[in-house]
Structures are given as C-alpha cells and as structure tokens.
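Here is a short note for someone opening this structure for the first time. Please keep the model on screen while you read the points in order.

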Amino acid sequence: MSAEVPLTTIIVDGMANTRHSAPLTTVSEDGQSVNQTAITYNPYKPRGSASNPNERSLSLLDPFSDRVSTILVWQNLTVSTRPDKRKEFFQRLKSSKNFIPKRKTLLNDVSGAITGGLWAVMGPSGSGKSTLLNTLACRLDVNTVVKGEMRLNGCEYDNAELKRIAGYVMQDDLLNGSLTVEETLMYTAELRLPREFTKEQRRSRVEDVMVDLGLTHVRDVVVGTPLRKGISGGERKRLCVGMQLLNRPQLLFLDEPTSGLDSVTALDLLRTFHALAHGKSSEKAVTIVCSIHQPQAKIFNLFDSLILLKNGNIIYQGPRKQAMETFRAAGFPCPLYTNPADHLLDVITPSKYDPDAESNEGYISLEQQAINDQAIIAAQAPVTIDLNMGADKRVAQMSNLPKNPTWYKQVQILLRRNFQEHLRASKVIITSLVQTVVIAVLIGTAFLQIGTTQKSTVRRQPVLFFCVVNQGVFGALMVINSFPMERALTLRERASGTYFASAYFTAKIVADTLIQIPVPIVFSCVAYFIIGLQPVAGKFFLFMLFMILCSLSATSLALMISALCKTTDMSVTVLPMALEVSRLFGGFFLSPANLPKYFSWLDALSYAKYTYVGISLNELTGLELSCDGLTSGTCIKTGQQTITSLGLDYINIGGCIGALLAFILFCRLVAFLGVRFLKS
Ligand SMILES: Nc1ncnc2c1ncn2[C@@H]1O[C@H](COP(=O)(O)OP(=O)(O)OP(=O)(O)O)[C@@H](O)[C@H]1O
C-alpha cells in the first residue's frame with residue numbers, strides 16, 4: 001500500500017469573494033447574479049486551521065508522488081450555459097423592457113487539483129459531475145461558457161494537447177457492432193499508436209490490454225448491437241477503456257463507468273481501474289478520474305481520493321479516507337452499518353419537504369443545508385493549490401510525443417475497416433443485388449423487346465425514365481438509416497484524436513462507392529438486353545455509366561442530407577422530398593425546354609434529369625425506326641426526330657456526365673463539411 005502524503009499547500013486566491021449558490025443560480029449577461037431559486041448561500045467563511053481567514057484550503061492526496069506524471073489543476077472555474085437565442089427572442093418580444101437574459105450556472109467558481117491515483121467525482125444527479133469531467137477534458141458542448149484557469153502540469157492546455165496524453169470513456173459505449181473485440185482493439189492500435197510501431201508491437205500492446213482488462217476470453221466475440229447479441233455490458237465498458245489504454249495515457253477520465261452494470265461486474269471493473277491507477281498491471285500508473293453516482297461500499301473503498309459536488313459547488317475534496325473524519329468533525333458521523341458513500345450523499349442531499357407526508361423526518365431547510373455544507377468545507381484539512389504544479393514534468397511529457405500514423409495510412413486502415421464492416425453485413429449486399437435483379441427483370445419484361453416500330457416510340461421514354469427512378473433508392477435509404485450512428489461513432493473517435501475527419505471521409509467514400517457500383521452494373525446487364533435497347537457495345541457501356549452515376553448521385557444526396565440533418569428522423573423527412581423534386585424535374589413529366597423560368601434552378605439540381613436526358617440521347621442517337629403498321633399520323637423515322645420534338649438537344653451526353661459528376665462532388669463536399677464542422 002502506498003502511503004498517503006498530503007501535497008504541499010494549495011492556496012486558492014480570493015476565496016472570500018467566492019459565491020457559492022444554491023440550486024442553479026442564473027447569471028445575467030453582465031455577470032450579475034439573478035436569484036432563480038429562493039436562497040443564495042453567502043460566501044462560505046472558512047473555519048479551522050487556515051491561517052488567513054480569506055483563504056480556503058483543499059486537502060489533496062498524492063500517494064504516488066514518485067510515479068505521478070500528470071497533475072491537473074483548476075482555479076476559479078465557472079461554467080455556464082449560453083442563453084438560448086430563440087427563447088430570448090420570444091421573451092424579448094413579450095417583455096421587451098424588463099428582459100434579462102439568463103444563464104444556467106453548471107459549475108460555480110470551483111478550484112481543485114487532480115494528482116495520482118483513482119479519483120471519484122461523486123454527487124447527486126445534476127450536481128455537475130459530468131460537467132466537471134467534460135470541462136477538464138475540454139469536451140464541453142458549444143453552448144457553454146467557461147471562465148477560470150485550468151493547467152496541466154503547470155501549463156494551459158487545449159483538447160488537441162490533452163487527447164495526446166489522456167483518454168476519455170463516455171457513459172454510453174458507442175462501438176462498432178460488427179467487429180470482434182480483438183479487431184476493435186487492433187484497428188484502434190493501428191490508428192492511435194505511433195507510426196514507428198511495428199505490427200508485432202501493436203499486436204503485443206493489444207494483447208497486454210486484453211490481459212489487463214480480462215478480455216482475452218472474448219477476443220473473437222463480436223461486439224454486437226441492440227439487435228445482435230455480442231459481448232456483455234461489462235465487457236463493452238472494458239473494451240472502451242481498453243481502446244483508451246492502448247496508447248498508455250497518463251490520465252483517464254471515465255464518465256459513470258458502472259452505470260448499467262450489476263454490482264459484481266461493477267466491482268470487478270473498479271478493481272481493474274484500481275490496479276491500473278496503482279501501476280500494478282501496466283508499466284506506469286494511470287491517474288483515473290471517475291464520475292460515479294452512488295457506489296456500493298466495496299467500490300467506494302477502492303478510491304484513493306474524492307471530489308464531492310453539489311449544485312456545481314465542491315463540498316469536499318481530498319483523500320477518501322479523510323472524508324468520514326471530515327464529516328464527523330462537521331457534526332455528521334457515519335452511522336454504523338451504513339455505506340459511507342450513501343452517508344456522504346445523504347448529508348449533502350437531505351430529503352425533500354413533502355407537504356402531504358405525515359412526518360417529514362430528514363427534511364432540512366435550505367438555510368440549514370447551507371450551514372451544514374459550510375461546516376463540511378470548514379472541517380477540511382488545510383491544503384495547497386499552485387497553478388504551476390507539475391511544471392517540471394511537462395518538458396519530458398509534452399515535447400517529443402511520437403506522431404500518429406500519416407493521413408494516407410489512416411485512409412488505408414479505415415478503408416480496410418470499412419470493407420470488413422460491409423462484408424460482415426453481406427446479407428444486405430446480397431439482398432440489394434437480388435432486389436436489383438428482380439426489379440430489372442420486372443422492368444424488362446413489362447417493356448419486353450420494345451423494338452423499332454412506331455409503337456416503340458411511346459414506350460421507349462417511359463422505360464428509360466423508369467430505369468432512372470429505380471437507381472440508388474435502396475442505397476439512399478441505407479445511407480439515411482446507418483449514417484447518423486456512424487457519424488456519432490466518428491465524432492467520438494475523432495474527439496479521442498484517432499484520425500482526421502478527411503481521412504475518415506475519404507475512406508468512407510471510396511469504400512461505399514466500390515460496394516455500391518455492382519448494383520447499377522447488374523441492373524444494366526439484366527435490364528438493357530431484356531428491354532431491347534440498341535445492341536451496340538458503346539451505347540451499352542454509356543448506359544451503364546449513367547446508371548452508376550445516377551446511383552452515386554442518389555446516395556450522395558442522401559449522405560448530404562444525413563450529414564446536415566444529423567438525425568435519422570429529420571433525414572427520413574427531408575430525403576423523400578428531395579427525391580420527389582428530382583423526379584418531378586427529371587425531364588420526363590416536364591420537358592426541360594418547356595419548363596417555366598422560375599423553376600429552372602430546381603431543374604438544374606435534378607440529377608434524375610441529367611441521367612434521363614443522357615440515356616435518352618444515347619439511345620435515340622442513330623436509332624432507325626420503321627413505319628410498318630402505321631395507320632394514321634406522320635411516321636417518325638429516326639430517334640433524332642424524338643430528341644428534337646422533346647427538346648432534349650439543349651445539352652449533349654458529355655454535358656450530362658459532367659453535370660452528374662459535379663452534382664456528386666457538390667453533395668459529397670457539403671457532406672464532408674457537415675461531418676467536419678457540425679460537432680453535436
Ligand atoms: N449544455 C447544457 N445546457 C443546459 N444545461 C446543462 C448542460 N449541460 C448540463 N446541464 C445541466 O447542468 C446540470 C449538471 O449536469 P451534469 O450532467 O454535469 O450532472 P451530473 O452530476 O453528471 O448528473 P447525472 O448524475 O444525472 O449524470 C444538470 O442540471 C444538467 O441538466
């Protein structure tokens with residue numbers, strides 16, 4: 001067991017001016033406090049051993065002072081939400097004179113430090129545990145404002161710097177369901193370990209992590225999805241931790257790692273974290289910070305240090321073992337046979353007043369709660385905060401960090417992973433091919449061998465349009481269905497610094513395109529000859545090219561919509577409309593030549609039109625028609641006459657191909673910008 005050695009004293013400046021608030025005080029734009037709840041605590045006046053009454057001290061634990069390589073310090077940290085612009089607009093309309101924009105304070109001027117060991121961030125629901133973790137890990141969402149200072153080994157830091165030495169495991173484990181445990185770790189190792197690592201070294205690191213986390217027995221089991229059973233919840237959590245441990249981080253944030261796990265699995269997991277934090281299983285001790293809701297006693301006893309939060313304020317911070325003594329000194333001894341974690345939470349969150357209850361035992365007024373909290377804070381041992389803590393360790397850590405694989409290598413790895421996922425979902429590929437053959441045969445037999453008689457002139461254009469309408473619809477629906485989930489996973493992997501957005505997108509586009517192309521090829525091979533279009537090799541391949549471009553256009557449109565709408569619900573609403581517009585202005589119902597001017601922009605965006613016009617020009621050019629069987633009217637002798645009468649000659653085949661390529665590029669570029677810049 002390591003000895004508990006209090007760190008040197010950390011002085012938090014200006015604590016006398018620190019305002020600790022009762023549940024969620026709002027702050028106006030000009031920084032003035034606007035009391036939202038009935039009570040605001042007044043500054044907690046420090047009591048006890050601090051020599052200066054204006055200083056509050058924090059007790060910290062550093063059981064591994066010789067091995068700790070990362071020290072995270074924060075001072076006067078306030079996190080609040082940005083005012084909701086939409087709500088603000090309507091409220092201004094309602095009460096323009098008295099309107100004061102409101103912000104919700106999520107963390108209220110808190111200071112502290114995280115040194116080595118296993119840390120628990122505890123507190124009632126909504127107390128700000130995840131907010132504290134996300135703030136320290138630079139992962140807050142965009143509608144929050146952070147004030148105050150945070151230092152990593154004495155230096156200010158940002159997300160880019162932190163993610164090179166720290167890992168973050170989020171509460172909900174998002175994983176690729178079709179890969180096995182070993183494959184998941186191996187791909188992460190390939191993407192995250194330094195480029196100098198050999199394949200054997202990566203494999204051995206993966207092996208180490210699986211041994212450390214007890215995952216060897218499920219190495220070949222697929223992770224699974226809600227519809228396909230895979231590894232258990234505890235194993236999923238271990239896998240998420242393992243992915244973060246591969247590059248041996250010095251600091252690991254875990255948001256509610258035990259949520260959803262049974263008590264045995266949770267204890268087992270925490271024992272693993274304890275071992276990692278004490279450097280027993282891997283080479284170096286990892287500083288681990290867990291937010292945890294209400295741990296059982298055995299789990300609680302595994303933590304070295306504790307941060308207790310309430311309404312965005314730190315009520316206790318220091319060694320776990322001293323917490324009970326602090327609470328006892330403040331007048332709250334832990335009753336016999338009570339889980340210490342429950343006791344701490346019970347003291348800081350007394351039961352609510354229920355006017356209908358017969359007795360309100362355990363209820364404490366807000367004023368009394370404030371006094372109790374103040375007593376707990378005052379009972380804590382004097383300590384020290386220095387923003388420069390750990391500055392000596394920085395040079396060794398942050399400089400000369402090895403480089404991740406190159407962009408090109410990332411594309412290669414992601415491409416391989418993409419293909420593997422697609423092939424695992426081979427049922428989908430086979431279904432789409434079978435469906436394509438069925439549709440092609442149906443269309444073909446409905447318009448069987450249209451021939452070159454005068455009758456064929458009225459059947460040729462509908463069948464050509466039908467070929468266009470059919471292309472890419474299945475692919476587009478697949479994109480809409482799968483992309484939001486894939487995007488969420490990608491956002492998470494990118495937040496951990498796994499790869500560049502451009503590398504992911506390039507690999508995705510290449511893999512999706514190659515997987516998709518066989519569908520229009522099969523369609524063309526079956527439909528072209530059954531329908532009986534011109535039996536000329538060049539014309540057949542041009543027809544096939546148009547089918548491929550049409551299919552890629554539909555899926556690119558779906559990808560763009562999905563990237564911008566972000567959710568499946570929204571995408572499902574928008575996609576049908578976009579497809580309908582494309583078909584309506586597809587050149588068959590409304591001839592491009594006769595279209596009203598005000599619709600010309602929509603017409604220009606219709607990928608269906610360029611495909612329809614393209615295959616019509618391809619088929620009608622050089623087509624000779626017989627006048628046999630004509631009973632009335634004029635005989636159409638060539639396909640060129642149809643081209644002219646339908647006004648299709650306003651563009652040539654090259655123009656149509658160019659327009660389709662531009663459409664595909666445009667949609668994919670917008671989709672990339674959506675993936676790159678829309679973060680939530
Ligand atoms: N971006 C945000 N916008 C508005 N309110 C937020 C935002 N993030 C957090 N909050 C609010 O801040 C409070 C603290 O949230 P946080 O998720 O940090 O609590 P927690 O202690 O982790 O809770 P739990 O244990 O339930 O996960 C909650 O009331 C939450 O609704």
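**Notes on the model**

1. Start at the ligand. The shell around it holds 16 residues, and S125, G126, K129, S130 and T131 come nearest. By class, the shell divides into 12 polar residues, three charged and one nonpolar. Which element gives the most to this shell? Helix α2 does, with three residues.

2. Keep the source of the coordinates in mind. This is a predicted model. Its scores are ipTM 0.95 and pTM 0.79. The protein chain has a mean pLDDT of 82, and 83% of its residues reach 70 or more.

3. Over residues 1–67 the pLDDT stays under 50. The model still has 157 contacts for that stretch beyond four places in sequence. Among the elements, strand β1 (residues 26–27) has the lowest mean pLDDT, at 36. Helix α18 (residues 518–531) has the highest, at 96. Please read the start of the chain with those values in view.

4. Now the overall make-up. The protein chain has 680 residues, and 41% of them are buried. Its secondary structure comes to 24 helices and 11 strands. Take the contacts with a separation of 6 or more: 79% of them join residues 24 or more positions apart.

5. Look next at the open sheet of three strands. Its order is β4-β3-β6, and the pairing is antiparallel. The edge strands are β4 (105–114) and β6 (144–152), each of which pairs on one side only. From one strand to the next, the twist averages 5°.

6. Strand β3 (residues 72–81) pairs with β6 over eight bridges, in the antiparallel sense. Which residue of β6 is the bridge partner of V73? It is R151. As background, strands of a sheet pair through backbone hydrogen bonds, either parallel or antiparallel.

7. Return to helix α2, which covers residues 129–136. This helix lies across β3, β4 and β6. It runs at about 120° to β3.

8. Two loop residues deserve a check of the backbone. C138 lies in the loop between α2 and β6. Its phi is positive, about 55°, although C138 is not a glycine. N153 sits in the loop between β6 and α3 (159–165). N153 also has a positive phi, about 50°, and is not a glycine.

9. N153 has 23 other C-beta atoms within 10 Å, so it counts as buried. The cut-off for buried is 20 or more.

10. Strand β5 (residues 118–122) is worth a separate look. Why is β5 described as largely enclosed by the rest of the structure? Because five of its five residues are buried. L118, A120 and M122 point one way from the strand, while W119 and V121 point the other way. Residues on both sides are buried.

11. β5 has parallel partners. Four bridges join β5 to strand β9 (residues 287–291), and the two run parallel. There, V289 in β9 is the bridge partner of W119. β5 also pairs with strand β10 (residues 305–310), again in the parallel sense and over four bridges. In that pairing, M122 has L308 of β10 as its bridge partner.

12. Finish with L118, which lies in β5. It has 25 C-beta neighbours inside 10 Å, and therefore counts as buried. What does L118 touch, leaving aside its neighbours within four places in sequence? Its contacts are F273, H274, A277, I288, L302, F303 and D304. L309 is 191 residues from L118 along the chain, and their C-alpha atoms are separated by 17 Å.

Note on methods: Residues are numbered from 1 along each chain as its sequence is written. This is a predicted model: local features need pLDDT of at least 70, side-chain atom pairs count only at pLDDT 80 or more; totals for chains, interfaces and linings use all residues. A residue is buried if 20 or more other C-beta atoms lie within 10 Å of its own, exposed if 12 or fewer, and partly exposed in between; C-beta atoms are placed from the backbone. Two residues are in contact if their C-beta atoms, placed from the backbone, lie within 7 Å. Two strands pair if DSSP finds at least two bridges between them. Axes are lines fitted to C-alpha atoms, for helices over the stretch in contact, and angles run from 0 to 180 degrees between N-to-C directions. A residue is near a molecule or strand if its C-beta atom, placed from the backbone, lies within 6 Å of it. Ala, Val, Leu, Ile, Met, Phe, Trp, Tyr, Cys and Pro count as nonpolar, Asp, Glu, Lys and Arg as charged, and the others, Gly among them, as polar. pLDDT is the predictor's confidence in each residue, from 0 to 100.
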